[in-house]
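Hi,

Here is the structure I said I would pass on. Have a look at it first, and then read my notes below.

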Amino acid sequence: MSNPKNKYSIIVFLESGEPKKWQYVHKLNGMAMYLNKMHPTWKYFNVYDRRSGQYLKRFKRNDFVPDFI
């Protein structure tokens, strides 16, 4: 099954407790690498299906993050 572009939205929780939201996320692994570089204090992020809003999974900072769920 192919994965359409921008399938996910994510909410990232930084060490300060501040949440940040990205609505159009294609590859989760690429997003985790971006967070490591631009927001190195992130703690975890929750992944949602962008179209339905359904919660899919949580990834912590040192977890293996695949491209797609």
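**Aromatic pairs and the overall fold**

Let's start with Trp 22, which is partly exposed, its relative accessible area being 23%. Keep in mind that this is a predicted model.

The chain has five aromatic pairs in total. In one of them, the ring centres of Trp 22 and Tyr 34 are 6.2 Å apart and the planes stand at 80°; that angle is over 60, so the pair is edge-to-face. Trp 22 sits in strand E2 (residues 19–25) and Tyr 34 in helix H1 (residues 28–38), so this pair ties together parts twelve residues apart in sequence. Tyr 34 is partly exposed too, with a relative accessible area of 36%.

Next come Trp 42 and Phe 45: their ring centres are 5.4 Å apart and their planes are at 45°, so this pair is tilted. Trp 42 counts as buried at 2% relative accessibility, and so does Phe 45 at 0%. Ring pairs also bring in Phe 59, making a cluster of Trp 42, Phe 45 and Phe 59.

Now for the chain as a whole. A compact globule of 69 residues would have a radius of gyration near 11 Å, and the chain agrees with its 11 Å. The C-alpha atoms fill a box of roughly 35 × 20 × 15 Å along the principal axes, and 29% of the 69 residues count as buried.

As for the surface, the chain exposes about 4700 Å², with 50% of that supplied by carbon and sulfur atoms. It carries 13 positive and 5 negative charges, whose mean positions are 4 Å apart.

Cheers

Definitions and conventions
Residues numbered from 1 in each chain as written. Predicted model: local features only at pLDDT ≥ 70, side-chain atom pairs only at ≥ 80, totals over all residues. Heavy atoms only, no water. Phe/Tyr/Trp six-rings, centres within 6.5 Å; stacked < 30°, edge-to-face > 60°. Helix = DSSP H or I, 4+ residues; strand = E, 2+ residues; numbered from the N terminus. Buried < 20%, exposed > 50% of the residue type's maximum accessible area, 1.4 Å probe, protein only. Rg over C-alpha atoms; globule rule 2.2 N^0.38 Å. Areas by Shrake-Rupley, 256 points an atom, 1.4 Å probe, with all protein chains shown as cover. Lys, Arg positive; Asp, Glu negative; His and termini not counted. Charge placed at Lys NZ, Arg CZ, Asp CG, Glu CD.
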